[in-house]
Amino acid sequence: MCHAQSRCPNQLAKTIYSAVDSNPLSVYVMHPFWNSVVKVMPRWLAPNLITFTGFMFLVFNFLMLSFYDYHFDASAEGYTHVPSWVWVAAGLFNFLAYTLDGVDGKQARRTNSSTPLGELFDHGLDSWACVFFVATVYSIFGRGPSGVGVATLYYILWVVLFSFILSHWEKYNTGILFLPWGYDISQVTISIVYIFTAMVGVETWYEPIWWNFHYRDLFTFMILGCSFTVTLPMSLYNVFKASRNNTLKHSSMYEAFLPFLSPVLLCLLSSVWVIFSPSGILQQQPRVFYLMVGTAFANVTCKLIVCQMSNTRCQPLSWLLVPMATVVLLAVTGLVANETLLIYVWTAIVILTHIHYGVSVVSTHTHTLRSVSGEYTHTHYSGSGEQGGK
């Protein structure tokens, strides 16, 4: 988890939630909408239940598309396409998940039930949600001639994952969570695209927009453009500004960038498996591979969230990477001939490990946090919710 683990419960109990959300879409459109939604919610509805329900909508979307498009080829020409009602359901569920993620904190403030545990629960599930909405939206274009290659989507997934962890890296160094602009834009766009696909059919995406520029290229361009021209520059600027104002929590460059060590190693290990796989595991089992990578990333990120909330030093290396290095070695050297079985077993282990970690963290901190929940203070600037925001 984090160094000085025995001090984490007390440190978490004293945490101050400080967030900045300056996205115009969020401030002027979504917040007024969420404020209206939370007013009709019963006061007995627990904020953490709202958070979990929103997350489960994304999981259900992933499972639903897994049933109709397991290998991401259903949108290609010559294959049986996903039924239109599935796209409608995906759009509605995605927007419901986004809405519940926006109102959970508002419900916590409304019922005076905000706790650091709520913030941890919210952001912890958000880190896992990244892989579910990326893998689900991939089915719109698929891996056919007019779609996106599974290797391309794999690297796009990593761009999304690193964009997510940037916000928590900022908070680890500045003490303030700067909510990324790309999140709101992407969630609204994805929900609309799902519904639009149900109306016009996936065949619409076959045609180029202009010359040889297809919708798949626009999809890729929007994700990369948002990450490298908005999210990354804003994160670096916020940390630089804190450094200039002498408010950085970590003075040395090593300590400041320590949270990136485990995610980078995870990226390298999974990429080595992809590149040197004897059977082309990413081509054979893309959905399972994405799920494994996204879950392992969520586990690493949750440990960072615990450390930045408890003001403790980030652990240099996540222990999960040690057995993963062994698994990758067994795969690329051919010592385990059945790579498909290996990826299924390892993915199951990663998922169970992450769930066990989450349950352990909640169990460890629940008693302490409940006893001091009244002391939980919020410093909130136009954010989405005091429970932990988006």
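**Figure 1. Helix 12 and the largest cavity.** Helix 12 provides the largest share of the lining of the largest cavity, with three residues. Please keep in mind, here and in every view below, that this is a predicted model. The largest cavity has a volume of about 90 Å³. It is lined by 13 residues, and those closest to its centre are Ser 262, Val 300, Lys 303, Cys 314 and Gln 315. Helix 10 (261–276) and helix 12 each bring at least two residues to this lining. Sorted by class, the lining of the largest cavity holds nine nonpolar, three polar and one charged residues.

Figure 2. Among the residues that line the second largest cavity are Ser 167, Glu 170, Trp 181, Met 234 and Asn 238. Helix 6 and helix 8 are the elements that give two or more residues to the lining. Helix 8 gives the most, with five residues. By class, you will find six nonpolar, four polar and one charged residues around the second largest cavity.

**Figure 3. The largest pocket.** With a volume of about 940 Å³, this is the largest pocket of the model. Several helices supply at least two lining residues each, including helix 4 (84–110), helix 5 (116–137) and helix 7 (181–200). The lining of the largest pocket counts 28 nonpolar, twelve polar and three charged residues.

**Figure 4. The second largest pocket.** Here the space comes to about 350 Å³. Of the 17 residues that line the second largest pocket, Phe 121, Leu 125, His 354, Gly 358 and Val 359 lie nearest its centre. Two or more lining residues come from each of helix 3, helix 5, helix 12 (286–310) and helix 14 (339–371). Helix 14 gives the most, with seven residues. The lining of the second largest pocket has 14 nonpolar and three polar residues, and no charged ones.

**Figure 5. A nonpolar patch on the surface.** Ile 209, Trp 210, Trp 211, Phe 213, Leu 218, Phe 221 and Met 222 together form this patch, with about 840 Å² of accessible area. One member to pick out is Phe 221, which sits in helix 8. Phe 221 counts as exposed because its relative accessibility is 57%, and the cut-off for exposed is over 50%.

Figure 6. Lys 171 and Glu 119 form a salt bridge, and their closest N and O atoms are 2.6 Å apart. Lys 171 belongs to helix 6 and Glu 119 to helix 5, so the pair ties together parts that are 52 residues apart in sequence. Both Lys 171 and Glu 119 are buried.

**Figure 7. Two further salt bridges.** The count of salt bridges comes to three. Arg 313 and Glu 255 meet through their side chains, at 3.0 Å from N to O. Arg 313 lies in the loop between helix 12 and helix 13 (321–332) and Glu 255 in helix 9, so this pair joins parts that are 58 residues apart in sequence. Arg 313 is partly exposed, at 30% relative accessible area, whereas Glu 255 counts as buried at 18%. Look also for Arg 216 and Asp 217, whose closest N and O atoms are 3.7 Å apart in a salt bridge. Asp 217 is partly exposed, with a relative accessible area of 26%.

Methods: Residues numbered from 1 in each chain as written. Predicted model: local features only at pLDDT ≥ 70, side-chain atom pairs only at ≥ 80, totals over all residues. Heavy atoms only, no water. 1 Å grid on protein atoms, 1.4 Å probe; cavity = no way out; pocket = protein on both sides within 12 Å on 5 of 7 lines; lining within 4 Å. Points joined across faces, edges and corners; volume = space filled by probe spheres on them. Helix = DSSP H or I, 4+ residues; strand = E, 2+ residues; numbered from the N terminus. Nonpolar A, V, L, I, M, F, W, Y, C, P; charged D, E, K, R; others polar. Patch = residues over 30% accessible without salt bridge, like charges linked within 9 Å, V, L, I, M, F, W, Y side chains within 5 Å. Areas by Shrake-Rupley, 256 points an atom, 1.4 Å probe, with all protein chains shown as cover. Salt bridge = Lys/Arg side-chain N within 4 Å of Asp/Glu carboxyl O. Buried < 20%, exposed > 50% of the residue type's maximum accessible area, 1.4 Å probe, protein only.
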